[in-house]
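Thank you all for coming.

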Amino acid sequence: MVDLTHTAPAAPGALGSAPAADELQAYLTGLEQWVRLRRSELDDLDAAALAAGRGDEVAADMSLALSLWKSVSDRYARMWTLWDGGRVLPTNRERIATLIWSRGADDPTASGMSVPEACRLCDALAGQLHARVELSPGAGDAAGRVKDLRAQLERIRDQVALEPALLRDDAVDRLAALMVRLNDVAERAGRGADVGGLLAPLEQDAALYERDLIVGNQLRRDARGRVEEARRIRADLESRETALTALAAECVATVDPAPKYAVPDVEALGPIPNTMETLEPYLERLDRVGQAMTLAHDRYSAALAEYTELVGLLDGLRAKADGLGVAAEADLAASEQQARDVLARRPAPMAVCRQLVTTYQSWLTALTTKDVSK
């Protein structure tokens with residue numbers, strides 16, 4: 001509410017004088033504080049009068065007080081421009097003094113009063129308004145609390161607008177009930193009743209409801225984030241499912257025996273849910289599907305890699321035989337041909353392929369050892 005101990009600073013100089021720079025600096029600092037605080041105080045008084053149902057009673061005085069405040073505020077702004085951070089010549093100091101003390105009608109910011117007169121009258125009006133609004137002990141505190149509650153209900157209204165369509169009707173009803181209670185409290189306070197016992201539970205209910213709305217909206221934002229995460233993971237799994245299906249088919253066609261891992265069907269998981277209660281289990285299932293795909297991919301890839309390694313080993317051994325000049329030896333050549341024929345089968349019997357490549361390696365070792373012993 002209004003701080004009646006805060007009044008405008010004493011004005012320096014007189015009309016036609018050029019006050020000292022330090023006097024002007026102190027005055028402008030004090031006047032800036034007065035302009036700022038007095039406007040805040042008048043706003044609080046206006047809100048308190050409306051909350052107490054006395055807006056019409058004080059409208060004329062409030063309008064005059066605000067008009068006086070604006071006159072002072074406008075002339076302060078012009079003084080501050082002339083002050084220019086303290087870089088003022090005597091001419092500008094005289095012009096500032098004129099703005100302080102002039103009542104001239106040719107000044108568009110004047111109210112027919114000097115700045116000190118306008119400040120004194122505005123202070124007096126603020127005091128009168130303060131007395132008229134606070135007709136009973138604690139009325140000012142109640143009006144301030146009612147004002148805070150109105151602001152809180154406006155925040156709640158904004159939160160209600162964010163509620164999903166299915167929940168919005170209930171949210172609106174709950175907000176409306178709080179507003180009815182607040183209006184009742186404001187009317188009682190306006191009649192001078194003690195409303196402390198009604199304000200406390202209303203403040204508690206409003207605070208709890210605002211918290212519930214904020215938490216609910218946050219949970220829905222979190223859920224939307226988790227839905228986006230689920231969509232991203234599912235899209236990745238669907239891509240992996242296609243690649244894994246091709247890999248499994250290639251492996252089954254190439255080697256025998258091939259690993260026997262089913263390719264998980266992502267479609268079987270069903271649509272992505274949109275509530276936190278169902279999203280978390282769904283994300284866990286996506287994770288398990290991802291793990292199963294990783295295991296199947298590793299096994300199929302390993303089987304194909306072993307086949308590729310056997311072909312590479314046979315090619316390497318043949319290159320070694322060429323280098324030693326024994327590749328055309330009948331037993332070695334027959335062994336190579338048999339290994340390549342079996343490796344070329346679809347699917348290739350891996351146990352036999354391993355044995356035949358090993359046999360070729362054994363023939364090459366035997367021939368190499370034989371040549372060395374000669």
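Let me begin with a definition: a disulfide is a pair of cysteine sulfur atoms within 2.5 Å. With that cut-off, a search of the whole structure finds 0 disulfides. Before I go further, please keep in mind that this is a predicted model, in which local features need pLDDT of at least 70 and side-chain atom pairs count only at pLDDT 80 or more, while totals for chains, interfaces and linings use all residues. Residues are numbered from 1 along each chain as its sequence is written, and side-chain values use heavy atoms, with hydrogens and water left out.

Cysteine 251 is buried, at a relative accessible area of 0%, where buried means under 20%, exposed over 50% and partly exposed in between, with a 1.4 Å probe and protein chains only. Cysteine 353 likewise counts as buried, at 1% relative accessibility.

Turning to the rings, there are 2 aromatic pairs in the structure, a pair being rings of Phe, Tyr and Trp (its six-membered ring) whose centres lie within 6.5 Å, with planes under 30 degrees apart called stacked, over 60 edge-to-face and the rest tilted. One of them joins tyrosine 261 and tyrosine 300 edge-to-face, at 6.4 Å centre to centre and with 80 degrees between the planes. This pair links distant parts of the chain, since tyrosine 261 is in the loop between β1 (255-256) and α8, whereas tyrosine 300 is in helix α8, 39 residues apart; helices (H or I, at least four residues) and strands (E, at least two) are DSSP runs, numbered from the N terminus. Tyrosine 261 is partly exposed, at 32% relative accessible area, but tyrosine 300 is buried, at 4%.

A ring also takes part in a contact with a charge: the charged end of arginine 39 sits over the ring of tryptophan 69, 4.9 Å from its centre, the criterion being NZ of Lys or CZ of Arg within 6 Å of the ring centre and within 35 degrees of the ring normal.

Now the backbone. Most residues other than glycine have a negative phi, and most peptide bonds are trans. Against that background, the peptide bond from aspartate 256 to proline 257 is cis, with omega near 5 degrees, and proline 257 is placed in the loop between β1 and α8. The bond from arginine 346 to proline 347 is also cis, with omega near -5 degrees, and proline 347 lies in the loop between α9 (330-343) and β2 (348-349). Aspartate 84, in the loop between α2 (59-83) and α3 (90-101), has a positive phi, near 50 degrees.

Last, which helix supplies the largest share of the lining of the largest pocket? That is α7, with 8 residues. A pocket here is an open set of points on a 1 Å grid over the protein atoms alone, where a 1.4 Å probe fits, with protein on both sides within 12 Å along at least five of seven lines, and lining residues have an atom within 4 Å of a point. Among the lining residues are Arg220, Arg224, Asn274 and Glu277.
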